[in-house]
Amino acid sequence: MDKLPKWADVALIPLINLILALIVSGLVVALIGQDPFEALAIMVNGAVGSTYGWGYTLFYATNFIFTGLAVAIAFHARLFNIGGEGQAQLGSLGVALVCLMVPWPHWLIALPVAILGGGLFGAAWAAIPAYLQATRGSHIVITTIMFNFIASALLVYLLVSALKAPGMAPESARFVEGSHLPTAREVLGAIGIDFARTPMNVSFIVALLACWGLWLLLWRTRLGYEIRAFGHSDKAAVYAGINPVRITMITMLISGALAGLMAINAVMGEQERLLQDNVLGAGFVGIAVALMGRSHPVGVFIAAVLFGALYQGGAELEFETSIPREMIVVIQALVILFTGALDGMVRSPLEKAFLRFRRQPDKPGVPAE
Amino acid sequence: MTAPAIELKGISKSFGPVQANKDIAIRVMPGTIHGIIGENGAGKSTLMSILYGFYKADTGEIFIRGERTEIPDSQAAIRAGIGMVFQHFKLVQNFTVLENIVLGAEDGALLKGSLSKARTLLKQLSEEYELHVDPDAKIEDLGVGMQQRVEILKALYRRADILILDEPTGVLTPAEADHLFRILEGLKREGKTIILITHKLREIMETTDTVSVMRRGEMTATVKTAETTPQELAELMVGREVLLRVDKQAATPGETVLNVENLQVVDGSGVERLRGISLNVKRGEILGICGVAGNGQSELLEVLGGMRPGKGRVTVNGQELDLTGAESDARTRRRRGIAHVPEDRQEEGLIMDFFAWENVAFGYHDDARYQRGAMMNNDAIREDAEAKIAKFDVRPANCWLKAKNFSGGNQQKIVIARELERNPDLLLVGQPTRGVDIGAIEFIHEQIVALRDAGKAVLLVSVELDEILSLSDRIAVIFDGRIMGERLPSETDERELGLLMAGITDTDKDHSVDEIEENLAHATGKAG
């Protein structure tokens, strides 16, 4: 029997971690002479108090879902992909090339090709560290983080040379009108619902589909079975005839592709041109999202929305008070600290508490699917 | 009447809902060898950990030499004169024997004084108890038997007069084990008290004065060894009558299934693990491979099971196996009718975090019957798992439990069920009953014999000589990556096998333990 019931593992512990992070953040806010309760109210209201807030929250969440899923699938194979940032940058290059090169007549045609372009470029960027890890044992944490810098430099180079649009700014030309993705305001407006003008767009639906697809892949297909088995024990994987090189490669390709898909939301959906920095740390937030979501697509979705709300709420906080935006980075860091590094601090007392109250072995648990 | 060296009263210890020790009472008289026997998970190790200060008992009292003693940590245990020799030695590999003995018990900031004092004491001890060890040898150059002696010396150097040994013979050849027991006898004569934890009935019968039996956390009996029988002890351990010998008919070998010629394996660091092995296994026959752990038997199983590359010629049913190329993986081996029960079920045979039903498909997960289009047919796997769990009496019979939540014996039953139900032509099986309770051992042995009787070939690797002798139809002894010889179980005995296991082929002559030790150390030293 597992030490904790499923619901406590997936819901209670993250919740407690979050509350602890908020309490400590509140202390920090109080320390700089602000009212933490007022700050919290502004943040919550700013994030989910209006369709404007929701639009931005879910727009950010869409980015984090993609990068979170990217980290999550790698975690299942016990690979720590911290190169989501660079893979997303390359993905944005792929998406931009697709959008710039063809005069698209309609977004419904442009989107699938952009998905392909972003995915392929992101996957390609993950392929090299994956190959080095699988065949040479070069540690993927080191190689992926180095590839982040290379990606960033590559993008800057392209934006001041081949892709540069006329003018001062290092950015590409605007994408054609036919590649414009419908925003939430446009989609909901068509069915008579009033929604504020926000960058939230149909990519959100693609992100939801990606969650479902990843769940299917991990728990319903042979490949997912092999990825999970390899992640738990590489020795056992070899015993079962699972090729470690193949699984490492495939997992990282999928991971890189998911990170690359972030660009259809940020680049194709919002900026509609290629900018120098279009990822804005989402690749790293994805690590926290995957940690907090326990690498499960549903958990990743919930954690992504939460981090989206933190981003948006933080922006509002900056508008309305003198609390600097960096405070949000502090809160995020605390959430990461509590969900990731300090997980055991909450977990082991909770396990003991549960064992004390449960002498009887419980009924077979709900399947973890 | 003298006070008992150790007396425990009403010791209980729970880990959450699991009660590892229930109201244990035990008296160990000074100057005796007291055996503690029980199945895996019976609570022996927990009890000893309480005595050595690793765990704190929930209730109960400890008396040492009649005095009530609190043992909050191992330092306190050492002060109370208790020494412990663990199953896995705790020695610094690149230190000398002397340095290891002094480590943690130095007299002052300068080592020199402690070392010379230790040297004198060591000399005295080794003369007294036949505990001969070269004080200046490095641990990494010593064989396991020698390392164990260092552990004992470490305890004696700390003035232990109560010595606890946890499964001390697991890694020893029979001759080394005999020597260890002679040492223990010597210690006993000097008035030391010894507690011997083991699951081997024979050792209990041969060496102890009294024996306590543990079952499911309780002390079920304490008896004088001279007044009991192995049969009675086994029943006390399991709680029902058990068969101690495997019941099997003579083999009727058919044509050759597995033929191995000049098989060589070099591991990742360039060390030769197999140096040209040739053997064959026929239909309806169990070939047992015995040897001291680390002499190449694991590599033999792994290369045949498709887990590592090798060189040489191996045929199964006359068809040659690919040993290095694209077809050398475990998946292809399974398609060729080779099933593999690996030596380490927790690291290899099972995914501990997978449900039982997921594990039933492990290795066979690409079978057509487990697929439904592009997806896996989880319903079909669960149905299959339920049937296998019922047939092999896996307990609890719940395919939604994770593998890690089953006991060792039931984990092994899951592996055996998965591999045997494929009806393979050749079964590779390593340490089938390691860490498995007696009741399950009996069942697993029956299943292996049944497979043989169904006309299949079985290659058995085990470090348990008893198991090799009782299951095998033919025995091959492996030493330093070579087969030292083949024997029929009816025409050999433990003494002869033990010498072969140490690489000594002129088995008619007498050989000293030191000679055996040296041979083994030479082999393992080279390998390591």
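Begin by selecting Lys235(A) and Glu348(B), which form a salt bridge (a side-chain nitrogen of Lys or Arg within 4 Å of a carboxyl oxygen of Asp or Glu) whose closest N and O atoms are 3.0 Å apart. The model is predicted, so that local features need pLDDT of at least 70 and side-chain atom pairs count only at pLDDT 80 or more, while totals for chains, interfaces and linings use all residues. Residues are numbered from 1 along each chain as its sequence is written, chains are lettered from A in the order in which they are written, and side-chain values use heavy atoms, with hydrogens and water left out.

Now move within chain B, and select domain 1 (6-238) and domain 2 (256-346 + 423-527), with bounds from an automatic or database domain assignment. Their centres, taken over C-alpha atoms, are separated by 32 Å, and the contact takes 20 residues from domain 1 of chain B and 18 residues from domain 2 of chain B. The area buried between these two domains is about 1600 Å², and Asn40(B), Thr173(B) and Pro174(B) supply 27% of what domain 1 buries against domain 2, more than any other three residues.

Finally, select Glu464(B) and Lys200(B), a salt bridge with its closest N and O atoms 4.0 Å apart; the count between the two domains of chain B is two salt bridges.

How values were computed
Contact = heavy atoms within 4.5 Å. Buried area = accessible area lost by both parts, 1.4 Å probe.
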